[in-house]
Every structure is written in structure tokens, then in C-alpha cells.
Amino acid sequence: MDSVRIIVCYMSNILTHLSPYLPMGAHQKAGQIDYGEIETVKTLIEFENVTKEYKIGEVPIKALNGVDFSINEGEFVVVLGASGAGKSTILNILGGMDTATSGKVTVGGKDITGFNEKELTGYRAEKVGFVFQFYNLIPNLNAVENVEFAAEVCKNHLDANEILTKVGLKNRMKNFPSQLSGGEQQRVAIARAVAKNPLLLLCDEPTGALDYVTGKSVLKLLQDLNTETKKCIVLVTHNSAIAPMADKVITVKSGKIESVTVNEHKQSVEGIEW
Ligand SMILES: Nc1ncnc2c1ncn2[C@@H]1O[C@H](COP(=O)(O)OP(=O)(O)OP(=O)(O)O)[C@@H](O)[C@H]1O
Ligand SMILES: [Mg+2]
């Protein structure tokens, strides 16, 4: 009997020591708190002390002056700031279209500031979808050809017809850009970026050339895409009114980060007026 008691005592000692490493329930006693599933938040993008200097003639322009921020997987981020603040410079460095003068930019654990030209080209083609203010569609390709043209170079690209249907252009597939309204052209541009199935969707003033209602519907499309696909979207704008639609708002002023705000309760763009 004594030897049984010694074994039980010994086992219980081992369990106490191992408890942090055992699965839930193995060591839990009645009355202990069950924390349930704890969501792990993964950092996708990190800017560390990033600077960008342009030299035009003798006068250097400091477009970015020590920028630090991080973005998590699946986040919808709005980058806010006045004209000339450095918003596009941040987006272009993040998208591999420009390079930092100093500092470090990490995307998905990879230091993209260490990429050579070939790696940067691959990164831009495979991992990043861009949406610009003026759509940048190829005029002599129709909507579906514009989407296919961009997506075909990507290994895991999605079906152009499906994506165009998703953005509400099922009946406009064969239209050329000149036969589409501004809002429709921007939808093609979004479809083109999404069809690549990229890691990041980067949008620089995507509603800058659109009227209020059309602009709002484009923002709604981007918000829905973020909710459905959980793809990280970084949207640059000078319109502070749309900040509540973001998970995170990064405000830029004169090449520096003025503030980073996390919206605990982000709003649907339909409920925002400006
Ligand atoms: N290629 C370049 N050569 C020289 N200076 C540049 C270049 N690109 C940007 N700049 C300068 O860097 C600063 C930041 O420019 P950036 O385009 O990032 O601003 P922005 O916040 O996007 O402004 P906007 O809202 O007007 O688009 C500005 O002073 C701009 O003049
Ligand atoms: Mg800009």
C-alpha cells in the first residue's frame, strides 16, 4: 500500500512540474480558469527607423525621417497625412517600387531592404497587388484581358472572370477602359490586383478621382474583400473621415509617424459620412 502511495505522490509531483507544457485538461483542477482559445496575432510588416532621401541637384529632400510601425496579418490599415507628408513614399517602399535610404523593412519575416533587383521584381510580381488613383489600365486590353495579363505571371493567381464577377463587373468583361466609368475602371484595377492572389494589397488614394458615391462603393468593396479574404490592405489617403473603417490608422506628418491608433470597434464604410 505504501509503495502505491509513493508512486501516486511521485506522479503528482511530475505533473505539477510539467503542467505548463501539458495540453489543457491534463493538469487542470476544478475551479481553475479556462482561458479558451487565445488568438495569436502575427506581425506581417515592420518598418524600423526607415529613412528616404531624394537628391535633386544640391538640395536633399528627406521624404521619410525615421519611420517605425508594424502591421499585423489581415489588418485593414489607413495611412493618413497631408500632401507631401510621405504616404506614397511609405507605400512604394513597402511595395518594392522604391528602396529605403536606411533602416529595415520586413514583410512576412523577410528583410526586403536586403533584396537585390531580381528578388525585388519577384516580390512585386508575386506578393504585392497595387491600386492607384488613376487606375493605370492598359487601354488596348479589355477588362478581363487587363486582369489576366497581370495575374498570369503569378503562380497562385485566381480566375479573372470570377474576380471580375465578384467586383460587380460580370457584364463588363469585354469592355475596354475607355468604355468604362471611373468607378468601373477602378473595380477592374482592384480585380487585377486581387487576381494575383498577393500577400498585400496596397492602394494609393484609390478614390481620389471618383465622386462621393462611387468612391464610397469602392471603399466598401475593399472593406468587404478584407473581411472575406483576410488579406492585409494598406490604403493611403488624405481623407481623415474614413479612418474609422480601419483596424489601424497610421498618421504621417513631415516624413515622421505622428500617431498609430488601433480602432477597437471599426465601422462599416456605409455608416461613415464626409
Ligand atoms: N521621386 C522623387 N524625387 C524627389 N522628391 C520626391 C520624390 N518623390 C517624393 N518626393 C518628395 O518627398 C516628399 C514626400 O512625398 P510623397 O509623394 O510620399 O507624399 P504624399 O504624402 O504621398 O503626398 P500626396 O498626398 O500629395 O500624394 C515630398 O516632399 C515630395 O516632394
Ligand atoms: Mg501620394
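Among the 65 residues of the largest nonpolar core, V77, V147 and V234 touch the most other members, and helix α6, residues 182-195, supplies the largest share of this core with seven residues. A nonpolar core is here a set of buried Ala, Val, Leu, Ile, Met, Phe, Trp, Tyr and Cys residues joined through C-beta atoms within 7 Å, and a residue is buried if 20 or more other C-beta atoms lie within 10 Å of its own, exposed if 12 or fewer, and partly exposed in between, with C-beta atoms placed from the backbone. The model is a predicted one, in which local features need pLDDT of at least 70 and side-chain atom pairs count only at pLDDT 80 or more, while totals for chains, interfaces and linings use all residues. Residues are numbered from 1 along each chain as its sequence is written, and chains are lettered from A and ligands numbered from 1 in the order in which they are written.

The protein chain has seven helices and ten strands, taken as DSSP runs numbered from the N terminus (helices, H or I, at least four residues; strands, E, at least two). Of its 274 residues, 34% are buried. Two residues are in contact if their C-beta atoms, placed from the backbone, lie within 7 Å; of the contacts in the protein chain with a separation of 6 or more, 69% are accounted for by residues 24 or more positions apart. When residues up to four places away in sequence are not counted, V147 touches A160, I163, L164, V188, A191, R192 and A195.

Strand β4, residues 102-107, and β5 are joined in the antiparallel sense over two bridges, and V107 has K110 in β5 as its bridge partner. Within strand β1 lies E48, which counts as partly exposed because it has 16 C-beta neighbours inside 10 Å. Residues up to four places away in sequence aside, E48 touches D68, G103 and K104.

Ligand 1 is surrounded by 13 residues, of which the closest are Y54, A63, S83, S88 and T89. The elements giving two or more residues to this shell are β1 (43-56), β2 (59-72) and α2 (87-94), and α2 gives the most, with three residues.

Key: A residue is near a molecule or strand if its C-beta atom, placed from the backbone, lies within 6 Å of it. Two strands pair if DSSP finds at least two bridges between them.
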